Amino acid sequence: MSEFEPVIGLEIHVQLSTRTKMFCGCALSFGAPPNTLTCPVCLGLPGTLPRANAQAIHFGLMIGLALESELAPRSIFHRKNYFYPDLPKGYQISQYDEPLCRGGRLGDVRIHRVHLEEDAAKLVHAGSSGRIHGSDASVVDFNRGGTPLAEIVTEPDVRSAAQAREGLTLLRTTLRRLGVSDVNMEEGSLRCDANISIRPAGSSALGTKTELKNMNSFRFLERGINAEIARQEAIVRAGGQVVQETLHFDPQSERITSLRSKEEAHDYRYFPEPDLVPVATSEEMLAAARGAMPELPAEREERLQSLGISAASARQLAWRSELGDYFEAALAHDGHSRPQAQPLANWVCNELVARVGEEDPNASNVRPEALAKLVALVSAKAVTVSNAKLVLDRLVADGGDPEQIVE
Amino acid sequence: MSTIDVIELTGAAAVEALERGELGAAELFDAYRAAAVDDDLNAYLWVAGDAPAQVPDGAPLAGVPLAVKDLFCTEGVPSQAGSKILAGYRPPYTATVVARLTAVGAPLLGKTNQDEFAMGSSNENSAFGPVLNPWDRTRVPGGSSGGSAAAVAAGSAPWAIGTDTGGSIRQPAALCGIVGLKPTYGTVSRYGMIAFASSLDQAGPLTRDVTDAALLLTHMVARDRCDATSIDFPGAIALPRSETLEGIRLGVPEELSGESDVGIERGVLDAFNATLRLAEGLGATIQTCHLPHAPHALSAYYVLAPAEASSNLARYDGVRYGLRVQDGGLVGMYTATRSQGFGTEVKRRIMLGTYALSSGYYEAYYGRAQRVRTKIAEDFRRAFEEFDFVVTPTAPSVAFELGAKTDDPLAMYLNDYCTVPMSLAGIPAISIPNGLSEGLPTGFQLAGPAFSENRILEAAYALEQAIGFDGTAARGAGP
Amino acid sequence: MIDREQVLHVARLARLELAEDEVRRMSAELSDVLDHIEKIGELDLDGVPPTTHVVEVSGALRPDVVEPSLPHDVALASAPAVADGGFLVPSPQADAEPA
């Protein structure tokens with residue numbers, strides 16, 4: 001047991017799958033050539049004004065409902081002022097002290113708030129064609145600029161990298177079920193920052209926190225947080241002090257580097273965005289959000305348990321919704337050889353996952369009805385468990401019908 | 001018709017002449033185009049090359065051309081907001097209000113000079129040189145819509161549009177002897193208006209008489225889906241006809257018409273008081289009223305407007321349009337571009353606004369100023385329970401000499417003393433020519449509750465008839 | 001009062017560079033204006049709500065319907081420098097100070 005306890009809060013940015021950007025009618029970009037999805041508004045041309053996307057607010061309310069947040073009857077957009085080439089207006093329109101949703105929970109982690117904002121543009125290093133006075137240069141592509149984001153901020157309730165990963169997994173599943181985002185970390189539609197501090201185990205004081213930015217996969221999230229905890233522990237053990245700063249984790253070298261220079265001392269000069277009026281959440285908007293809610297992981301977990309599935313399997317199937325979907329497809333397989341829920345759940349959660357890993361089993365060679373048939377054969381003792389595992393190997397490799405393979 | 005006669009027509013009279021066929025749209029446009037090209041007041045920054053191919057049949061404004069303040073975006077036409085940082089900038093779209101007016105038959109005649117980003121009360125803050133007052137070329141035309149006001153007064157435009165943030169339509173209208181109207185905030189779309197202070201900016205007409213102001217305004221008000229803060233004007237704007245002020249109660253706020261605090265010039269006060277007597281003669285009752293927070297309006301304004309401006313002007317960073325000055329890396333490019341692109345007054349206000357929003361000062365400045373704004377709006381609401389209109393001199397002085405106040409920002413800011421309270425309250429106000437003091441025009445301001453434009457126009461029209469101001473001297477007063 | 005240090009700090013935040021005489025003049029002028037502005041400190045504003053918008057508008061949300069974007073060449077037409085189909089800028093990394 002370590003002498004230190006990590007205290008971690010997560011800030012998760014989710015790109016919403018609306019048709020258009022947060023404040024203008026440009027379509028969202030999926031790999032379109034640079035600067036082909038821009039307009040006077042999202043380029044920040046003089047004289048232009050933002051108009052808030054009703055669908056983004058609808059999605060924000062759905063997220064708030066899923067996280068059991070309190071939905072604000074009135075929320076306000078602010079301007080967050082700073083200069084950066086990916087920020088065309090010199091400010092980001094974001095919510096500040098009157099967000100769309102407050103409070104709530106994600107599993108056993110409390111939610112602080114959920115608010116809406118606009119994404120920055122993309123800055124790419126320029127090739128040899130683009131140097132300025134012999135110096136390095138970048139090229140700005142405003143296609144992504146203005147994409148609607150929901151920022152979900154947790155309370156500092158997370159105590160380990162593994163718990164952070166677990167929480168983010170549940171969030172991803174929830175958002176996928178809601179249909180409000182692609183939630184793809186590699187493509188950047190789900191991005192996670194972590195605020196990390198450590199304190200002597202058993203203490204309730206808060207240490208100085210650092211912000212670890214933009215870890216772009218679940219694996220890096222876990223490794224990055226662990227690396228930062230180790231770094232802070234080393235500093236404190238050596239009698240030093242952790243400095244409050246923004247950090248970047250490089251997954252290749254596993255090194256942590258400081259992201260911003262001192263000049264960037266934060267002073268965002270927030271003030272209410274005068275170009276937008278407050279968002280009044282009407283009864284109609286609430287009803288529409290409630291009406292659009294699908295079954296959420298917690299509800300699915302409960303329902304699966306009621307089928308006689310163990311708590312651990314039910315959670316795994318509910319939290320990794322693609323596993324749950326696969327399981328339910330297999331369970332629904334009609335026929336004389338209908339498997340029982342618990343053995344099938346075991347085969348999905350243990351044997352199949354061991355073979356396909358993080359992949360979506362629906363995309364594997366093993367069709368749900370094939371697995372259902374195999375599990376039924378085992379239950380009927382038509383095949384031994386160890387032989388069935390060999391059959392599953394064959395199914396993963398080549399697909400096919402288990403009955404034929406058994407013969 | 002001779003060119004002189006054509007140019008003496010008001011906008012409404014020109015519409016009638018065009019509709020009766022006494023005048024051709026091309027003839028009218030060319031007469032004004034020639035006057036605008038010959039303009040020696042530096043009122044124009046760009047003049048249209050040709051008459052428009054065609055004026056839509058039956059268009060209500062029949063082809064009477066329009067001068068437009070530089071800060072309105074006009075597709076393919078320089079729109080520079082009077083700033084070096086936007087020198088030569090040609091936007092890919094047109095401001096809603098300009099598009100609306102063009103569509104009803106008021107083609108673009110030219111873009112008029114202004115104080116840089118509408119920050120100023122003398123038009124001396126233009127990167128393209130000051131505008132001269134047609135009544136006396138050694139004096140300023142007021143600002144920030146100084147080019148629009150001077151062009152209309154001098155007869156190089158039949159009418160014009162400008163913008164008013166704290167008095168930028170009304171004050172130059174007063175100093176140039178024309179009519180300037182600031183409508184209720186939100187009734188005219190801000191889309192395409194290069195922003196100074198978003199919560200205060202409002203477009204409005206600058207015209208030779210009240211009828212023209214009503215006629216232009218008719219086609220300016222409308223909710224615009226591109227401007228989330230825009231609202232429908234209840235009903236329509238009607239052309240004013242009233243010749244009496246029977247039953248009208250005018251409130252004269254002690255705080256905005258005394259001699260003590262503001263230092264309103266004797267001659268301006270005399271002209272103001274003379275008009276009050278005329279109003280009484282027309283049947284109005286006149287009483288002193290109180291706007292207890294009005295003396296604090298200027299302070300609140302000089303927090304709120306610069307704060308919003310500091311953010312609105314952050315987009316001029318040399319990345320996507322406008323000036324870029326390369327100096328080292330990214331931060332060097334930003335600072336060199338902005339330091340060389342913005343003029344002194346703009347930098348001063350960016351500094352003031354950045355300071356007021358910066359960490360630790362927000363509540364003391366911005367937060368308090370927003371609360372003062374609430375109190376000022378309440379003051380007006382209370383006054384309008386007893387009075388139909390609040391009336392004041394528009395500006396504390398007649399047009400002052402070029403250079404007289406350029407070294408004293410505070411003295412310059414005091415020009416807006418009587419116009420800023422209405423801007424903070426978002427209510428409509430008009431300035432009408434109010435006779436001369438020492439040979440220079442003075443202005444009479446009428447302000448009413450939100451959406452009272454029709455009543456304001458009626459009262460202003462009745463007063464205008466009684467005052468009988470003659471502005472031809474400015475048009476004949478060439479060198 | 002706004003002193004030299006504050007003037008320099010604010011100028012940095014606003015990405016403005018002031019020459020030495022401008023710093024002095026700005027400090028004096030801004031102090032004058034701030035002295036005037038600080039009169040609002042005398043008012044009793046306890047319990048007074050702030051005004052952010054003079055008119056409250058409801059239903060100003062935009063339906064999620066795609067509108068045409070600008071043609072690529074128009075989007076870049078006013079750019080001071082262009083490369084690889086985008087807006088060319090000095091690299092922000094080049095500014096980062098050594099830790």
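Colleague: How many helices and strands does the secondary structure of chain A come to?

Modeller: This is a predicted model, where local features need pLDDT of at least 70, side-chain atom pairs count only at pLDDT 80 or more, and totals for chains, interfaces and linings use all residues. Residues are numbered from 1 along each chain as its sequence is written, while chains are lettered from A and ligands numbered from 1 in the order in which they are written. Helices (H or I, at least four residues) and strands (E, at least two) are DSSP runs, numbered from the N terminus. On that basis chain A comes to eleven helices and 17 strands.

Colleague: What share of chain A is buried?

Modeller: A residue is buried if 20 or more other C-beta atoms lie within 10 Å of its own, exposed if 12 or fewer, and partly exposed in between; C-beta atoms are placed from the backbone. Chain A has 407 residues. The buried share is 48%.

Colleague: Why is strand S8 of chain A largely enclosed by the rest of the structure?

Modeller: S8(A) spans residues 109–118. It is largely enclosed because, of its ten residues, the number buried is nine.

Colleague: Which strand do seven bridges join to S8(A)?

Modeller: Two strands pair if DSSP finds at least two bridges between them. S6(A), residues 101–102, has two bridges to S8(A) and runs antiparallel to it; Arg102(A) stands opposite Arg113(A) there. S7(A), residues 105–106, also has two bridges to S8(A), again antiparallel. Seven antiparallel bridges join S8(A) to residues 148–154, strand S11(A).

Colleague: Which element of chain C gives the most to the side that touches chain B?

Modeller: Two residues are in contact if their C-beta atoms, placed from the backbone, lie within 7 Å. The contact takes 44 residues from chain C and 50 residues from chain B. H1 (4–13), H2 (20–37) and S2 (86–90) of chain C each supply at least two residues to that side. With seven residues, the element giving the most is H2(C).
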